[in-house]
Amino acid sequence: MATIGVLCLSNDGDYTGQNPDFGLGVADPSRYASPPIWRTIPGAWASNVVLGDAALEGEYVKAAQELVREGADAITCDCGFTVRYQQAIAAAVSVPVSTSSLLLLPTLLSNVPANKKIAVLTADSRYLDAGIFATLGINEPSRLVVEGLEGTATYAYMWAEKGEINVEDVLADIDDIIARIQKHENVAAILCECTIFPRVSPRIRRATGLPVYDAATNAALLLAAVS
């Protein structure tokens with residue numbers, strides 16, 4: 001069985017409460033036939049990875065190489081903004097690397113009619129910028145609708161070094177971002193950048209009736225290719 005390696009932020013936290021609409025995280029062993037192996041990146045916090053701190057690139061490369069030596073058959077990450085380090089990591093290891101679900105965007109844009117849009121749900125819409133879109137080969141982002149979690153309780157939790165949040169507060173923030181997406185016309189699918197979204201993707205699908213792609217989709221595609 002193939003094993004996925006996950007490169008993780010240094011942020012930690014606890015979820016309190018329970019709700020059937022709040023599911024498993026992307027690194028949860030229950031998602032996989034073979035338990036994932038993971039490595040926390042020293043100094044990699046949501047606050048500086050989202051900004052694209054170039055000093056972290058070497059740490060991500062080093063950790064990816066360690067995971068491969070430990071038996072990882074493919075590499076992903078627990079923050080979609082690590083797409084900024086995609087090329088460096090991929091060049092440094094001999095296994096497939098897909099750091100972010102954002103790498104699925106060009107395919108999704110091709111999958112839907114040219115007059116339709118993809119909604120991108122992200123941790124912070126302010127930093128999903130032209131540089132990232134250029135990395136993805138998207139030079140004209142007019143077919144993208146971007147909505148972020150900035151300003152929410154969930155955002156504050158994710159940015160804390162050691163956070164705590166009730167799952168009902170997360171779901172309230174998710175319902176708000178769903179409502180924002182529903183105000184846009186011609187949206188044909190939803191791509192979730194942030195790795196909190198796989199926990200709530202079924203809720204988003206049910207509310208919108210649209211296909212939803214996320215970090216778990218990305219990881220499953222990686223594993224399917226090497227299994």
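Which residue stands opposite I75 in β4? G5 does. Let me show you around from there.

First, the ground rules. This is a predicted model: local features need pLDDT of at least 70, side-chain atom pairs count only at pLDDT 80 or more, and totals for chains, interfaces and linings use all residues. Residues are numbered from 1 along each chain as its sequence is written, and side-chain values use heavy atoms, with hydrogens and water left out. When I say helix or strand, I mean a DSSP run, numbered from the N terminus: H or I of at least four residues for helices, E of at least two for strands.

Strand β1, residues 4-8, runs parallel to β4, and four bridges join them. Two strands pair if DSSP finds at least two bridges between them.

Now β4 itself. Both of its faces are covered. A74 and T76 are buried on one side, I75 and C77 on the other. Buried means under 20% relative accessible area, exposed over 50%, and partly exposed in between, with a 1.4 Å probe and protein chains only. In a regular strand, side chains alternate between the two faces of the sheet.

Take A74, in strand β4. Its relative accessibility is 0%, so A74 counts as buried. Leaving aside neighbours within four places in sequence, A74 is in contact with T3, I4, G5, V95, P96 and L222. Contact means heavy atoms within 4.5 Å. T3 is 71 residues from A74 along the chain, yet their C-alpha atoms are separated by 7.0 Å.

Next, the open sheet. It has four strands, in the order β6-β5-β8-β9, and the pairing is parallel. β6 (144-148) and β9 (212-213) stand at the edges with a single partner strand each, so one side of each has no neighbour in the sheet. Strand β5, residues 117-122, is joined to β6 by five bridges. There, I118 stands opposite L144.

I118 takes us to the core. Which residues touch the most other members of the largest nonpolar core? They are L7, V49, Y60, L102, L105 and I118, out of 40 residues. A nonpolar core is a set of buried Ala, Val, Leu, Ile, Met, Phe, Trp, Tyr and Cys residues joined through side-chain atoms within 4.5 Å. Helix α2 gives the largest share, five residues. L105 touches I118, V120, F133, L136, I138, L144 and L191, not counting residues up to four places away in sequence. A second, separate core has 26 residues, including I177, V187, I190 and I196.

Last stop: the largest pocket. It holds about 730 Å³ of space. Elements giving two or more residues to the lining are β2 (12-16), β3 (37-40) and α6 (153-159). The lining divides into 16 nonpolar, seven polar and five charged residues.

One loop to finish. S100 sits between α3 (86-92) and α4. Buried or exposed? At 2% relative accessibility, S100 counts as buried. S100 touches G80, V83 and N218, not counting residues up to four places away in sequence.

Two definitions for the pocket. On a 1 Å grid over the protein atoms alone, a pocket is an open set of points with protein on both sides within 12 Å along at least five of seven lines, where a 1.4 Å probe fits; lining residues have an atom within 4 Å of a point. Points are joined across faces, edges and corners, and the volume is the space filled by probe spheres set on them. For the lining, Ala, Val, Leu, Ile, Met, Phe, Trp, Tyr, Cys and Pro count as nonpolar, Asp, Glu, Lys and Arg as charged, and the others, Gly among them, as polar.
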